Amino acid sequence: MTEYFPDVPEIRYAGPDAVDEFVFRHYDRERPVAGRRMDEQLRFASAYWHTMRNPLSDPFGAGTARMPWDDGSDSVQNARRRVEAFFEFLQKCGIDWYCFHDRDVAPEGSDIAESERNLDAVVETLAEAQSRSGRRLLWGTACLFTHPRYVHGAATSCLVEVYAHAAAQVCKAMEATMHLGGAGYVFWGGREGYSSLLNTDMKRELSHLARFLHLAVEHKHRIGFTGQLYIEPKPKEPTTHQYDSDAAACLNFLREHDLLEHFTLNIETNHAELAGHSMRHELQVARSAGALGSIDANIGTAHLGWDTDCFPGNLYLATEVMLEVLAMGGFTTGGLNFDAKRRRESFEPRDLFHAHILGMDTFAAGLEAADAIRADGTIDSFIAERYASWDSELGRRIESGSITLAELRDHAIVAGEPTIGSGRQERLESIFNRFLRG
Ligand code: XUL
Ligand code: CO
């Protein structure tokens, strides 16, 4: 069998002091942390679109990525060879899961029938590679944003025939995901938004989007797909205003249209940042609603206002993410998908490994730090103590809805001026930092 990355060995755990290029310093897959093996806590996935299909171009220059396994053609044969290269990559990197869009893995044909035949052919290769290697599909999705037909949107297009095309694509992509035993299916609203309200009927577009998601739920049940459906929020890029702008907007939309029970959220760090939130904020909004499903693990570039999809090398952020994951009791269907690309300058095949090692080690260290912070308990106790007055009789009456505004007034008159304590933010930041070891 052809070896596509002959210069790269299998990456293994070598301990925190190791300095070799191709080792993990923190990711020790079998080590138990917080009651589960690291690989089960972290559930790392590689994104097919970045790892195999991103040429590393930018608006000013051509792609730089060297992909010797890729003949540059749109043939199904080339698409199948990519699968072989990808699975060698996953195996050497020790990544158990992957995610794809239909158009990443198979070329679009000249009509729907040809596109479906192409996808079927590559899905067979993926199925073989999965059963050979034991690697699995975390989620699949349909690319409803690249083709020019989606210029005005897909499920929010002004053209009903475009809506039908999008439906055809989701039908097939969901069936492919099911065939591959995918644990989930993502809806990211690539072109579901607008550039100008001068030409947009927002109310109508949103109701079409809701109907589209209901149709997808019905299709899921019709074909017997048991995976989790996710919505992935993002506020801008590519349209000026994306309808799924952040976790709160998505939850509100799902609730308004009776979809909440069918979806959870796939939260992405760079999208949270673009929305003007911290990642932890977005995760906590989702978790509070019982709707934290999965994570696209990347980071943005400080001071830039666009989606740079960098590999996550920020230990502080990874620790915050893992605190939220542990607080919800760990992933069920979801995982940490590296929706991340190398910088344009990192164009050699080995850079793919460096990038994923960075992300995996950062999250492994983040998991250990989060577990240690929880075990230490100082921060949790501080929060419990900060709200302790709510555990009083008065607090209980308010929380259970058994007191009136006027009764509260009477209480306040008798109780007099309250004693106020410090929020201790800087002290808590010091405590947090004590657990970071990258
Ligand atoms: C785009 C993005 C997508 C989704 C899947 O910013 O994050 O790649 O993750 O469509
Ligand atoms: Co994403």
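**Entry 1: Val325**

I opened this predicted model at Val325, and I count that residue as buried because its relative accessibility is 0%, against a cut-off of under 20%. I placed Val325 in helix 11, which covers residues 315-327. Leaving out residues up to four places away in sequence, I found that Val325 touches Ile295, Gly330 and Phe331. I also checked Val325 against Gln228: the two are 97 residues apart in sequence, and their C-alpha atoms are 17 Å apart in space.

**Entry 2: the whole protein**

Next I stepped back to the overall fold. I noted 16 helices and 14 strands in the protein. How does the radius of gyration sit with a compact globule? For 438 residues the rule gives a value near 22 Å, and the protein has 24 Å, which agrees. Along the principal axes, the C-alpha atoms fill a box of roughly 80 × 60 × 45 Å.

I then looked at cover and contacts. Buried residues account for 50% of the 438 residues. The accessible surface comes to about 20,800 Å², and carbon and sulfur atoms hold 51% of that. Of the contacts between residues at least 6 apart in sequence, 76% join residues at least 24 apart.

**Entry 3: helix 3**

I tested the length of helix 3, residues 76-93. Its 18 residues should span 26 Å at 1.5 Å a residue, and the end C-alpha atoms are 26 Å apart, so the two agree. Is helix 3 mostly covered or mostly open? I found it mostly covered, with 13 of its 18 residues buried.

I looked up Asp102 in helix 4, residues 102-105. This residue counts as buried because its relative accessibility is 2%. Not counting residues up to four places away in sequence, Asp102 touches Leu119, Thr141, Ala142, Cys143, Gln169 and Ala173.

Phe212 came next, in helix 7, residues 202-223. With a relative accessible area of 5%, Phe212 is buried too. Which residues does Phe212 touch, not counting those up to four places away in sequence? I listed Leu144, Ala155, Tyr163, Ala166, Ala167, Val170 and Phe187. Ala164 is 48 residues from Phe212 in sequence, with 9.7 Å between their C-alpha atoms.

I went through the loop between strand 10 (228-231) and strand 11 (241-242), where Pro238 sits. Glu237 is in that loop as well. A cis peptide bond joins Glu237 and Pro238, with omega about 0 degrees. Glu237 also has a positive phi of about 70 degrees, although it is not a glycine. I count Glu237 as partly exposed because its relative accessible area is 28%.

Arg424 is another residue other than glycine with a positive phi, here near 55 degrees. I found Arg424 in the loop between helix 15 (405-415) and helix 16 (425-433). At 45% relative accessible area, Arg424 is partly exposed.

**Entry 4: a nonpolar patch**

Last, I turned to the surface. Which residues form a nonpolar patch there? I noted Ile383, Tyr387, Trp390 and Ile398, with about 360 Å² of accessible area together. Tyr387 lies in the loop between helix 13 (378-386) and helix 14 (393-399). I marked Tyr387 as partly exposed, since its relative accessible area is 44%.

Note on methods:
Residues are numbered from 1 along each chain as its sequence is written. Chains are lettered from A and ligands numbered from 1 in the order in which they are written. This is a predicted model: local features need pLDDT of at least 70, side-chain atom pairs count only at pLDDT 80 or more; totals for chains, interfaces and linings use all residues. Side-chain values use heavy atoms; hydrogens and water are left out. Helices (H or I, at least four residues) and strands (E, at least two) are DSSP runs, numbered from the N terminus. Buried means under 20% relative accessible area, exposed over 50%, partly exposed in between (1.4 Å probe, protein chains only). Contact means heavy atoms within 4.5 Å. The expected span of a helix is 1.5 Å times one less than its number of residues. Patches are made of residues with over 30% relative accessible area and no salt bridge: like charges are joined within 9 Å, nonpolar side chains (Val, Leu, Ile, Met, Phe, Trp, Tyr) within 5 Å. Accessible areas come from the Shrake-Rupley method with a 1.4 Å probe; for residues, only the protein chains shown count as cover. A salt bridge is a side-chain nitrogen of Lys or Arg within 4 Å of a carboxyl oxygen of Asp or Glu. The radius of gyration is taken over C-alpha atoms; the globule rule is 2.2 Å times the number of residues to the power 0.38.
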